[in-house]
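Please read the points below with the structure open beside you, and look up each element as it is mentioned.

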Amino acid sequence: MEILVCVKRVPTVGGKIAVTPDGQQVDTRMSGFSISPHEECAVEEAVQITERAGGSVSVLTLGPEAAIEQLRGALALGAGRAVLLETDGREFGPIATAAAIAAEVRAHGYDLVLLGNEAADTGDYQVGVRLAHELGWPVATGIKNLSVSPGGVVARREYRGGQEAYQLPLPAVITVKEGINLPRYPSLPGRLRAKRAAVERSAPVSAAEGLRKETLRVPASSQHQATVLGNGADAVPELVRVLDELGILS
Amino acid sequence: MTVLCLVELDGADPADVSLRALTLARTLGDPSVRSVVFGDSANVPAAALADYGVTDVYVIEPGTLEGYAPQAWARVLADLATETGATAVLAAGTDRGNEVLAHLGAITGLPMAANCTVVTPDGGRTHRLVRHRWAGLLLEDAVMEAPVALFTVATDAVSPVAAGVSAETPASLQVHVHKPELAEADLVVRAAESAGRAGGVSLATARVVVGGGRGVGGPDGFAPLEELAELLGGVVGVSRVVTSEGWRPHRQQVGQTGTKITPELYLACGISGAIQHIAGCAGAKHIIAINTDPGAPILAHADYAIIGDLHQVIPALVAALRAR
């Protein structure tokens with residue numbers, strides 16, 4: 001089973017998120033970078049599948065040279081090969097991103113491509129689907145349980161508090177969500193191997209898409225300080241009064 | 001001008017998220033809002049759709065297309081967009097809505113903007129829009145140039161508002177049974193089993209959510225929260241640390257990588273309020289926090305707070321509610 005996992009370098013945002021003065025990107029002076037939890041789970045899922053069924057895991061990112069840091073993170077977890085689709089820092093839209101990934105898939109040949117359900121930063125919710133159309137492969141999104149057999153996969157996701165299942169022939173594209181597994185921590189040998197590993201590079205071309213970002217901004221603050229109703233269990237009568245006033249108890 | 005909106009059903013009714021999408025659809029100039037429903041034409045929720053300003057509904061019956069098949073649904077939208085000359089096609093920003101509109105974008109080669117909060121036609125092929133990035137922690141102002149604008153609606157940011165049809169123009173709704181031509185490839189991926197949780201309340205649609213975080217202390221600490229949620233007719237939701245620790249299943253997670261909720265009340269117990277969690281609960285109408293730390297970030301997003309240990313406050317609240 002040859003698996004490709006696509007990950008994206010995004011700022012690690014903790015207590016606060018801020019935008020640069022030109023309104024073009026997230027201010028990363030105070031933050032590190034990571035991949036989204038969905039993608040951490042995609043890497044873990046790929047490694048688990050190959051541990052059971054054999055094969056190998058490649059990891060791909062489209063981004064600046066600095067995104068090699070994220071590729072090495074995935075190599076440390078068990079991916080065997082890393083591909084950087086290097087950009088000059090400009091954002092690629094989802095159409096160009098899918099086309100660039102499709103070119104790598106065609107060149108190398110895979111049975112399965114895993115992505116996160118959506119990138120943490122842009123939240124476009126479509127690269128996996130567009131990639132599948134480029135390749136003429138079936139696709140399932142938002143998957144939280146995956147079982148792979150030689151002929152195909154059964155993929156399950158949540159639906160209205162229950163779940164629904166899809167059967168897909170291989171090769172296929174699957175986008176996963178956090179919760180599909182609990183990602184492992186990298187081992188020391190894994191880290192050492194990742195540090196030495198070669199990274200294959202190519203430079204895809206971007207093209208203008210019909211959706212153009214103008215500015216990013218933090219939503220008009222809904223922040224305020226909560227009215228404190230009291231301390232500990234003594235505040236419960238006041239809490240009940242508020243719940244009643246808000247119409248929760250009727 | 002025609003706008004086409006995919007309407008998901010919740011039993012016999014339009015899903016609340018789709019009513020939110022229809023509310024946004026009506027703001028696109030002065031459109032004829034038409035909806036697409038996959039279901040039995042005998043059970044189309046005509047009155048509810050008319051209330052939200054829908055003039056025409058296209059029904060694809062189970063005999064034509066049984067169950068959920070994302071690419072087939074997108075093919076239907078593509079055909080109907082052409083047939084009606086729609087200038088925009090939209091859906092609620094749910095798993096299904098985002099997936100179907102992504103397929104529609106791929107089929108048509110057009111851009112698709114996910115999770116919009118505002119969309120405004122700006123002449124010709126141009127729409128100006130505001131959409132969520134970082135699950136709504138940031139807003140993006142963007143311009144879409146396309147013959148048909150494809151987008152989904154951030155359902156936690158748009159409240160459902162009926163059209164308020166006036167006496168002079170009584171609501172009337174045309175129902176068209178649509179029989180699409182589908183290729184085999186459109187039907188390769190389809191939901192083999194779809195089972196919404198029977199009879200229960202789901203996290204995404206619950207009226208009350210009782211949230212538990214690190215402060216709950218472990219997997220055994222949730223019983224009082226469950227009891228309170230049941231008393232209030234709600235469900236339990238949890239923060240990310242609770243699911244990463246394996247205390248509760250991931251489907252209960254509220255947040256950027258879990259479920260986005262829109263309850264009347266979110267009662268956040270022992271939750272500090274990381275921004276990824278705020279992204280999931282910002283759509284709550286009211287937030288009340290119970291936390292031992294008066295400096296916890298959640299207090300900057302809550303309307304009310306009790307400073308104290310949830311292990312004392314929750315049982316006391318349960319007792320007080322039972323005594324009423």
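How many bridges join strand 7 of chain B to strand 8 of chain B, and do these strands run parallel or antiparallel? Five bridges join the two strands, and they run antiparallel; helices (H or I, at least four residues) and strands (E, at least two) are DSSP runs, numbered from the N terminus. Within this pairing, Thr120(B) stands opposite Arg128(B) in strand 8 of chain B.

1. What is being read. This is a predicted model, in which local features need pLDDT of at least 70 and side-chain atom pairs count only at pLDDT 80 or more, while totals for chains, interfaces and linings use all residues. Residues are numbered from 1 along each chain as its sequence is written, and chains are lettered from A and ligands numbered from 1 in the order in which they are written.

2. Ten strands form an open sheet in the order 13(A)-9(B)-8(B)-7(B)-10(B)-6(B)-1(B)-4(B)-5(B)-11(B), with mixed pairing; two strands pair if DSSP finds at least two bridges between them. At the edges are strand 13 (211–217) of chain A and strand 11 (174–177) of chain B, each of which pairs on one side only. Neighbouring strands of this sheet are turned by 30° against each other on average, direction ignored, where axes are lines fitted to C-alpha atoms, for helices over the stretch in contact, and angles run from 0 to 180 degrees between N-to-C directions.

3. Six strands form an open sheet in the order 14(A)-17(B)-16(B)-15(B)-13(B)-14(B), and here the pairing is parallel. Strand 14 of chain A and strand 14 (235–238) of chain B stand at the edges, each with a single partner strand, so one side of each is left without a neighbour in the sheet. Neighbouring strands of this sheet are turned by 20° against each other on average, direction ignored.

4. Four bridges join strand 14 (residues 227–231) of chain A to strand 17 of chain B, and in the latter strand the bridge partner of Val228(A) is Ala305(B). Ala289(B) in turn stands opposite Ala305(B), and in strand 16 of chain B the bridge partner of Ala268(B) is Ala289(B). Five bridges join strand 13 of chain B to strand 15 of chain B, with Val210(B) opposite Leu267(B).

5. Strand 15 of chain B. Why can this strand be called largely enclosed by the rest of the structure? Five of the five residues of strand 15 of chain B are buried, so the strand is largely enclosed; a residue is buried if 20 or more other C-beta atoms lie within 10 Å of its own, exposed if 12 or fewer, and partly exposed in between, with C-beta atoms placed from the backbone. In a regular strand the side chains alternate between the two faces of the sheet. Leu265(B), Leu267(B) and Cys269(B) are buried on one side of strand 15 of chain B, and Tyr266(B) and Ala268(B) on the other.

6. The contact between the chains. The contact takes 70 residues from chain B and 69 residues from chain A, two residues being in contact if their C-beta atoms, placed from the backbone, lie within 7 Å. Strand 9 of chain B gives the most to the side of chain B that touches chain A, with eight residues.

7. The nonpolar core. Of the 190 residues in the largest nonpolar core, Val5(A), Val59(A), Ile174(A), Cys5(B) and Leu77(B) touch the most other members; such a core is a set of buried Ala, Val, Leu, Ile, Met, Phe, Trp, Tyr and Cys residues joined through C-beta atoms within 7 Å. Leaving aside its neighbours within four places in sequence, Cys5(B) is in contact with residues including Ala21(B), Leu22(B) and Val33(B).
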